[in-house]
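Please look over the structure below before reading on. The briefing that follows takes up the overall fold, then the surface, and then two single residues.

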Amino acid sequence: KYDYTNLLMILDTRILNDKANIFTSNIANKRKLDECVGVKLSSRIWNSSMVIEFKGKDRRKHGNFTDSI
């Protein structure tokens with residue numbers, strides 16, 4: 001399990017210094033993100049992000065990946 005405290009500190013530092021951040025995920029809503037990374041980190045990510053949805057056929061070779069959350 002990752003140390004979310006360190007990730008929160010890194011994210012806060014980057015936000016305070018106007019650095020760009022790119023997050024990729026199969027998580028489509030805030031409630032699921034809260035469950036995965038906790039409310040505090042989820043809030044930082046969600047409120048400093050713009051959701052860009054990619055639609056289309058799964059192009060991964062095996063195509064059997066599912067949302068494990």
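A residue counts as exposed when its relative accessible area is over 50%, and as buried when that value is under 20%. With these cut-offs in hand, the notes below describe a model that is predicted.

**Overall fold**
- The protein chain holds three helices and zero strands, and its elements, read from the N terminus on, follow the order α-α-α.

**Burial and surface**
- Of the 69 residues in the protein chain, 12% are buried.
- The protein chain exposes about 6,300 Å², and 54% of this area is supplied by carbon and sulfur atoms.
- Met50, Ile52 and Phe54 make a nonpolar surface patch of about 440 Å².

**Phenylalanine 54**
- Phenylalanine 54, one of the residues that make the nonpolar patch, is placed in the segment after helix 3.
- Phenylalanine 54 counts as exposed because its relative accessibility is 74%, and the cut-off for that class is over 50%.

**Serine 42**
- Serine 42 sits in helix 3, which covers residues 39–47.
- Because its relative accessible area is 0%, serine 42 is buried, the cut-off for that class being under 20%.
- Once neighbours within four places in sequence are left aside, serine 42 is in contact with Lys30, Leu33, Asp34 and Val37.

Methods. Residues numbered from 1 in each chain as written. Predicted model: local features only at pLDDT ≥ 70, side-chain atom pairs only at ≥ 80, totals over all residues. Heavy atoms only, no water. Helix = DSSP H or I, 4+ residues; strand = E, 2+ residues; numbered from the N terminus. Buried < 20%, exposed > 50% of the residue type's maximum accessible area, 1.4 Å probe, protein only. Areas by Shrake-Rupley, 256 points an atom, 1.4 Å probe, with all protein chains shown as cover. Contact = heavy atoms within 4.5 Å. Patch = residues over 30% accessible without salt bridge, like charges linked within 9 Å, V, L, I, M, F, W, Y side chains within 5 Å. Salt bridge = Lys/Arg side-chain N within 4 Å of Asp/Glu carboxyl O.
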